[in-house]
Amino acid sequence: MERNVGLEQVGVAVETRTGFDPFFHTQFESVARAAALVTRDAGVGQELAQEAFVRLLDRWDDMASDDHARNFVYKVAINLARSHVRKHARVVLYGLHGPELTAAASATNASDAWLEMVGALGALSPKQRACVVLVDYADMDAAGAARVLGMSPGTVRVHLLRGRRALRAGLGLPAKEEIV
């Protein structure tokens, strides 16, 4: 007599995938905020998150699980944000930029803490900023952030350590020993 035992019953984790709409509704705000933290502009973060989700929708049938989709959409959003920062760096260097912090504040009704954090993140290198946002904000581990950013987990940990130190210094917080 054969028994039909489900994989969940024998302790094998089975990844499932929800529909695109529920996935979008649960993840969009977080992805947009992560992109905004990298670009230091809430409006741009929203636009980049929209673009990332459009690209995800085009590939939705190829996604094996919600985790796969989540990693994909974060990767696209963070890469778009890093590209945006690179493209607009020359404008900022020459002092031709507009009032990003004012735009961020009006777009999100941001508190002083948001503006302070955006300013502190702006002092980080783009790679440090992306690592800090993915690990500390998006709750990814170093290996997940490494897959999203296309670098090794060790490199992510180095950027994370340096970025956290710089953030603490920028926010006037005491230095501490940390384990990544």
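Is F53 buried or exposed? F53 is buried, with a relative accessible area of 3%; buried stands for under 20% relative accessible area, exposed for over 50%, and partly exposed for what falls in between (1.4 Å probe, protein chains only). Bear in mind that this is a predicted model, where local features need pLDDT of at least 70, side-chain atom pairs count only at pLDDT 80 or more, and totals for chains, interfaces and linings use all residues. Residues are numbered from 1 along each chain as its sequence is written, and side-chain values use heavy atoms, leaving out hydrogens and water.

Now for the rings. The structure holds 8 aromatic pairs, meaning rings of Phe, Tyr and Trp (its six-membered ring) with centres within 6.5 Å; planes under 30 degrees apart count as stacked, over 60 as edge-to-face and the rest as tilted. Take F23 and F53: their ring centres are 6.3 Å apart and their planes sit at 55 degrees, so this pair is tilted. F23 belongs to helix α1 (residues 20-39) and F53 to helix α2 (residues 42-58), so the pair ties together parts 30 residues apart in sequence. Helices here are DSSP runs (H or I, at least four residues), numbered from the N terminus. F23 is buried too, at a relative accessible area of 3%.

F53 also pairs with F28: centres 5.7 Å apart, planes at 50 degrees, so tilted. Ring pairs link F20, F23, F24, F28, F53 and W60 into a cluster.

Next, look at H159 in helix α8 (residues 153-171). At 16% relative accessibility, H159 counts as buried. Leaving aside residues up to four places away in sequence, H159 touches K127, Q128, C131 and M151, where contact means heavy atoms within 4.5 Å.

Terms used: Helices (H or I, at least four residues) and strands (E, at least two) are DSSP runs, numbered from the N terminus.
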